Amino acid sequence: VQLQASGGGLVQPGGSLRLSCAAFGSIRSIYDMGWYRQTPGKQREWVATATSGGITRYADSIKGRFTISRDNTKNTVHLQMNSLKPDDTAIYLCKATVLTGGNLWRDYWGQGTQVTVSS
């Protein structure tokens with residue numbers, strides 16, 4: 001199973017970006033799909049999660065500005081980020097909890113995509 005993230009880039013404060021992450025491989029089902037972010041010298045921070053049943057959860061730091069959505073038919077998750085702030089600058093990583101072809105639940109991580117918010 002591989003996760004491929006895309007959509008990062010450089011944006012000015014107040015701008016928007018949309019991140020996408022697609023899961024490929026021997027996948028029977030995906031429960032959670034979500035986003036985390038990492039900055040140098042800090043612990044990895046959870047951002048948002050969407051379950052297969054459509055339940056979404058958000059970190060307080062981004063609530064009201066970011067929206068997570070899933071397309072279960074394509075094993076993809078998106079993160080719409082609006083009103084971006086310099087503090088949102090980080091590498092954004094997607095994670096999926098996957099039921100593999102071997103009938104095991106495992107967490108998989110994507111490679112990360114850089115988001116830089118700067119004027």
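This report describes the strands, the disulfide, the salt bridges and the nonpolar core of one predicted model.

## Basis of the description

Because the model is predicted, local features need pLDDT of at least 70 and side-chain atom pairs count only at pLDDT 80 or more, whereas totals for chains, interfaces and linings use all residues. Residues are numbered from 1 along each chain as its sequence is written, and side-chain values use heavy atoms, with hydrogens and water left out.

## The open sheet

An open sheet is formed by 4 strands in the order β1-β3-β8-β7, with antiparallel pairing; strands here are DSSP runs of E with at least two residues, numbered from the N terminus, and two strands pair if DSSP finds at least two bridges between them. The edge strands, each pairing on one side only, are β1 (2–6) and β7 (66–71). From one strand to the next the twist averages 15 degrees, where axes are lines fitted to C-alpha atoms and angles run from 0 to 180 degrees between N-to-C directions.

Within this sheet, β3 and strand β8 (residues 76–81) run antiparallel and are joined by 6 bridges. Cysteine 21 has valine 77 as its bridge partner in β8.

## Strand β4 and its partners

Strand β4 (residues 27–38) runs antiparallel to β9, and 9 bridges join the two; in this pairing serine 29 stands opposite leucine 99 of β9. β4 also pairs with strand β5 (residues 45–50), again in the antiparallel sense, over 5 bridges, and here methionine 33 stands opposite alanine 50 of β5.

The hairpin of β4 and β5 has 6 residues between the strands, and in this hairpin glycine 41 takes a positive phi near 85 degrees.

## The disulfide

The model has 1 disulfide, counted as a pair of cysteine sulfur atoms within 2.5 Å. The bond joins cysteine 21 to cysteine 94, with an S to S distance of 2.0 Å, and with 55 degrees about the S-S bond the link is right-handed. Distant parts of the chain are linked by this pair, since cysteine 21 lies in strand β3 (residues 17–24) and cysteine 94 in strand β9, 73 residues apart. Both cysteine 21 and cysteine 94 are buried, a term that stands for under 20% relative accessible area, with exposed for over 50% and partly exposed for values in between (1.4 Å probe, protein chains only).

## Alanine 90

Alanine 90 is placed in strand β9 (residues 90–100) and is buried, with a relative accessible area of 4%. Leaving aside residues up to four places away in sequence, alanine 90 touches Arg37, Gln38, Thr39, Thr113, Gln114 and Val115, contact being defined by heavy atoms within 4.5 Å. Its C-alpha atom is separated by 14 Å from that of arginine 18, 72 residues apart along the chain.

## Salt bridges

There are 5 salt bridges, each a side-chain nitrogen of Lys or Arg within 4 Å of a carboxyl oxygen of Asp or Glu. One of them brings together the side chains of arginine 37 and glutamate 45 (2.8 Å, N to O); arginine 37 counts as buried at 7% relative accessibility, whereas glutamate 45 is partly exposed, with a relative accessible area of 30%. In another, lysine 63 pairs with aspartate 60, the closest N and O atoms being 3.2 Å apart, and both of these residues are exposed.

A further salt bridge joins the side chains of aspartate 107 and lysine 95 (3.7 Å, N to O). This pair links distant parts of the chain, with aspartate 107 in strand β10 (residues 105–109) and lysine 95 in strand β9, 12 residues apart. Aspartate 107 is partly exposed, with a relative accessible area of 39%, while lysine 95 is buried at 16%. Salt bridges that share partners also join Arg37, Glu45, Arg65 and Asp88 into one network.

## The nonpolar core

The largest nonpolar core has 31 residues, and those with the most contacts inside it are Trp35, Val47, Phe66, Ile68, Leu79, Met81 and Tyr92; such a core is a set of buried Ala, Val, Leu, Ile, Met, Phe, Trp, Tyr and Cys residues joined through side-chain atoms within 4.5 Å. The elements that give two or more residues to this core are β1, β3, β4, β5, β7, β8, β9 and β11 (113–117), and β9 gives the most, with 5 residues.

Isoleucine 68 touches, among others, Met33, Trp35, Ala48, Ala50, Tyr58, Val77 and Leu79, not counting residues up to four places away in sequence.
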